[in-house]
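Here is a short tour for anyone who likes to check words against coordinates. Please keep the viewer open and follow along.

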Amino acid sequence: MARNSQETPAELQQIENAEWRESLDYVLQTQGPERVRQILRLLQVRAQEQGVSIPFTANTPYLNSIPRSRQPVYPGDRELERRIKSIIRWNAMAMVVRANQLSPGIGGHISTFASAATLWEVGFNHFWRGRTEEFLGDMVFFQGHASPGVYARAFLEGRLSEEDLKGFRRELRPEKGGLSSYPHPYLMPDFWEFPTVSMGLTSLCAIYQARFNHYLVDRGLRKSSGRKVWAMLGDGEMDEPESLGAITLAAREQLDNLIFVINCNLQRLDGPVRGNGKIIQELEAAFRGAGWNVIKVIWGDDWDRLLEADSSGKLVQRMEEVVDGEMQRFIVGNGAYVREHFFGKYPELLELVEGYSDEQLGQLTRGGHDPDKVYAAYRAAVEHKGSPTVILAQTVKGYGLGEAGEGKNITHAQKKLNEEELKAFRTRFNIPIGDTEIAETPFYRPAEDSPEIAYLRERRRALGGTLPKRHNASYPMACQTEEIIREYFEGSGERPLATTMAYVHLLAKLLRDAEFGKLIVPIVPDEARTFGMESLFRQAGIYSHVGQLYEPVDKGSLLFYNEKKEGAILEEGISEAGALASFIAAGSAHANNGVQTVPFFTFYSMFGFQRVGDLIWQACDCRARGFLVGATAGRTTLAGEGLQHQDGQSQVLAMAPTRVKAYDPAFAYELAVIVHDGLTRMYCHQEDWIYYLTVMNETYPMPPMPKGAGVREGIVRGMYRFARSSLKGKRPRAHLLGSGAILNEALKARQILESQFKVAADVWSVTSYKELYSDAIECERWNLLHPGKKAKVPYLGQLLAKESGVFVAASDYLKLLPASLAKWLPGPLHCLGTDGFGRSDSRERLRDFFEVDARYIALAALRQLALAGEIPAETVEKALVDFAINPDKLNPHKD
Ligand SMILES: Cc1ncc(C[n+]2csc(CCOP(=O)(O)OP(=O)(O)O)c2C)c(N)n1
Ligand SMILES: [Mg+2]
């Protein structure tokens, strides 16, 4: 190219740029992309050799990943699909608006689905396969607060009625019921499959779900079927640590059955997700860095023409330099504004759009609203092999709401539309509703024989039926585990054992059980050796999709780290959140995978309910079943580890989720009875429960199960008499309630009371305060609502009907736990517990510090007896001295 000597350096650079670009285009056309990569690499190396450092970037330009030339032809009827989508948009909006007209303040989200509609409808019409006899269907995690979009579609599909839609967020309507605000399988067990509205958990659970689907195949429990897991996510929720926390695992496990679609409307609740940056680029770098296939869908078709026409490179430059906060202004502003502020920055760009009217510029679309682009991305995603895919789709929050909130910061809070706004929405989406009816925001469904309904039904038929649809495929198992647990009824003789050891022993036996063995999924986050579970490595194997590519250092030992493809153990590394996501996948497999797996998730109890409590809540919402086993439990039983390790609250935290049964067994036979009960209820009677058991690492001889009547029932219902007083005759009487390892302290206290004070003391083993409490409040409620009927007596009341005396309850947990029962006891109660921060020291010192050892139990009993006038007050004072208790010692509540 001849150059003019008058040209400025900037102009020369322009020419140079154009030449380089043309060269690249030429190489691409004549020799293909691989050659382009080679040359770029060559140049990179050359530059580096010359000392030009090239900044690291995990980003590609701010352009669509799939160029127009590689877009497949759209297979659907675009016009019909647009009409269907418009109707769904209307109904989804109408549901929220109506609910708020009827019940101001009931809430709901309009703008999220408005931004996601194309992303979802392309999925519904062309990708997401329903469940059939032969195929379980794809799994779709829907962005939770866009639920009106799913309901509105189900309405067109004839799955929900107009009456149902009227019940959105009005679940307690008499007789009619309603639709839950968000996806909750607990509330709509035939409809929703995955709860998604606790931000962050969707990404995590979808990843572990996809991995679990592979696990089932590798373990021979399911045939490989090519089903996909789709997670429809928001850009704001990607800030939750759980959202990105497991993405490297997804790539490492080569989960090409997993597709994320992130709805990048650039906004969250209060404002822009990254006002001063670009969320799409940030997420691209994170996912590419983690090894994902990243597909960006940023610009709609009309931008392609502009990009193709721009030889200056200024359009891409402008696209890249505009931060998201500014991008939002181009949505809210009109075409003239876009011309002036977006294109106006460079004369080349103004020239580029010279032939465009302001109206045209105002309507330039974002990629996530262009079905062609979305389809191309989805097709590429489902065909991609070897790694998971994330689609980053730029959309507009509140799309179509116009003045009512499109792209505005207030849009998330928009619950109502005035008449003018409704009319504008109606007109924009061409909904056949007249001006006279519009104020009522009526729902609209075309006639059954209309082209829209026919098309929509045909599409779903072709894809195997409707979704979401939860299908509970659980079936009653025989549960012949009585033989397995009988051994523990005998006790361990002189041999000291910890409940953890008994638990691991039992689990190993269950893994060999003809019925359960193949279904048990042991899950552990890097503490198997801590809990003495390494024997299971050899027996069950540690799951690894690729088997074991190395010879482990401990290969020679019996307990070597044994990874294998058909391994049963999910060794999750140090991720309680990930492990719990696996627990959810395994615990809900009867609904989502047609196979009834039985998870046993064993973890450091301190890092369970308080660390990943929301996931446990979500597991309950999923109606997951299985065992959560909090090991190294008990604030004073776990010695040495101190403040951040000693759990003295999980039994209290476990009170909250109603589908959790919580047990704190002291002895091996108790544990065995509880596990047996869990298996029977969950897998024989098919009840939705999660069993939480705390197990401990303190060793002591395990006694045989007492022979008396009602022991086994008592273990399950929460309490039974372990030892009756050996003293006869009428004398002061105390009842000592102990749980877990602290039951041993109650037994020692009994000795002290009987031998030194001649107080008759019975010892009760409280296996579950939660069971006792739940039963008591249930009776109380029934009695309140049936005043004319004979009052029901709680189990606790029945058990203690003939007892008198004082009560002392001691556990390794907060005093709140036994205090919850005080009103149902026939005598005064003193609660001992472990409120306060843990310390690293020996068990003896810890139990002294927290005031839960035998001396304090005896002291509390004596004090209660003195208050009741059964013994002189001086006896208590003397006991304090005899027990060498310093009243001015450190206060565990405060120090
Ligand atoms: C853990 C958690 N924190 C807060 C919320 C409340 N919340 C619901 S939607 C939302 C904003 C979501 O933004 P984004 O993910 O960008 O979705 P969008 O609506 O923009 O599509 C928030 C904070 C929640 N549901 N979960
Ligand atoms: Mg958003």
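What follows helix 1? Gly32 does, and its phi is positive, near 90°.

## Ground rules

The model is predicted, so local features need pLDDT of at least 70, side-chain atom pairs count only at pLDDT 80 or more, and totals for chains, interfaces and linings use all residues. Residues are numbered from 1 along each chain as its sequence is written, while chains are lettered from A and ligands numbered from 1 in the order in which they are written.

## The chain as a whole

The chain holds 35 helices and 20 strands. Both are DSSP runs numbered from the N terminus: H or I over at least four residues for helices, E over at least two for strands. Taken along the principal axes, the box filled by the C-alpha atoms is roughly 115 × 75 × 55 Å.

Of the 895 residues in the chain, 50% are buried. Here a residue is buried if 20 or more other C-beta atoms lie within 10 Å of its own, exposed if 12 or fewer, and partly exposed in between, with C-beta atoms placed from the backbone. Two residues are in contact if their C-beta atoms, also placed from the backbone, lie within 7 Å. Among contacts between residues at least 6 apart in sequence, 76% join residues at least 24 apart.

Helix 1 takes in residues 9-31, which is 23 residues. From its first C-alpha to its last it reaches 32 Å, close to the 33 Å expected at 1.5 Å a residue; the expected span is 1.5 Å times one less than the number of residues.

Helix 19 (residues 451-462) has 12 residues and should span 16 Å at 1.5 Å a residue, which agrees with the 16 Å between its end C-alpha atoms. Just after helix 19 comes Gly464, with a positive phi of about 95°.

## The N-terminal domain record

UniProt, in an unreviewed entry, places "domain: Transketolase N-terminal" at residues 82-318. Positions from UniProt are given in the numbering used here, feature names are shortened, and annotations may be inferred rather than shown by experiment. Over residues 82-318 the chain is 45% helix and 9% strand, and the end C-alpha atoms are 31 Å apart.

Strand 3 (residues 258-264) is largely enclosed by the rest of the structure, because seven of its seven residues are buried. Leu258, Phe260, Ile262 and Cys264 point one way from strand 3, and Ile259, Val261 and Asn263 point the other way. Strand 3 pairs in the parallel sense with strand 2 (residues 229-234) over six bridges, where two strands pair if DSSP finds at least two bridges between them. Six bridges also join strand 3 to strand 5 (residues 389-394), again running parallel. Val261 is the bridge partner of Met232, and the bridge partner of Val261 in strand 5 is Ile391.

## Two buried residues up close

Ala231 lies in strand 2 and counts as buried because it has 27 C-beta neighbours inside 10 Å. Leaving aside neighbours within four places in sequence, Ala231 is in contact with Phe141, Thr202, Ser203, Ala206 and Phe260. His645 is 414 residues away from Ala231 along the chain, and their C-alpha atoms are separated by 34 Å.

Leu628 lies in strand 12 (residues 626-631) and is buried, with 27 other C-beta atoms within 10 Å. Not counting residues up to four places away in sequence, Leu628 touches Phe601, Gly608, Ile690 and Tyr692. Between Leu628 and Phe583 there are 8.6 Å, C-alpha to C-alpha, and the two are 45 residues apart in sequence.

## The C-terminal domain record

An unreviewed UniProt entry lists residues 718-853 for "domain: Transketolase-like C-terminal". This span is 36% helix and 20% strand, with its end C-alpha atoms 22 Å apart.

Six of the six residues of strand 17 (residues 733-738) are buried, so strand 17 is largely enclosed by the rest of the structure. Arg733, His735 and Leu737 lie on one side, with Ala734, Leu736 and Gly738 on the other. Strand 17 pairs with strand 18 (residues 760-766) in the parallel sense over six bridges, and Ala761 in strand 18 is the bridge partner of Ala734.

## Around ligand 1

Which residues come nearest to ligand 1? Of the 19 residues around ligand 1, they are Thr112, Gly234, Gly236, Glu237 and Arg268; a residue is near a molecule if its C-beta atom, placed from the backbone, lies within 6 Å of it.

By class, the shell has four nonpolar, 11 polar and four charged residues. Ala, Val, Leu, Ile, Met, Phe, Trp, Tyr, Cys and Pro count as nonpolar, Asp, Glu, Lys and Arg as charged, and the others, Gly among them, as polar.
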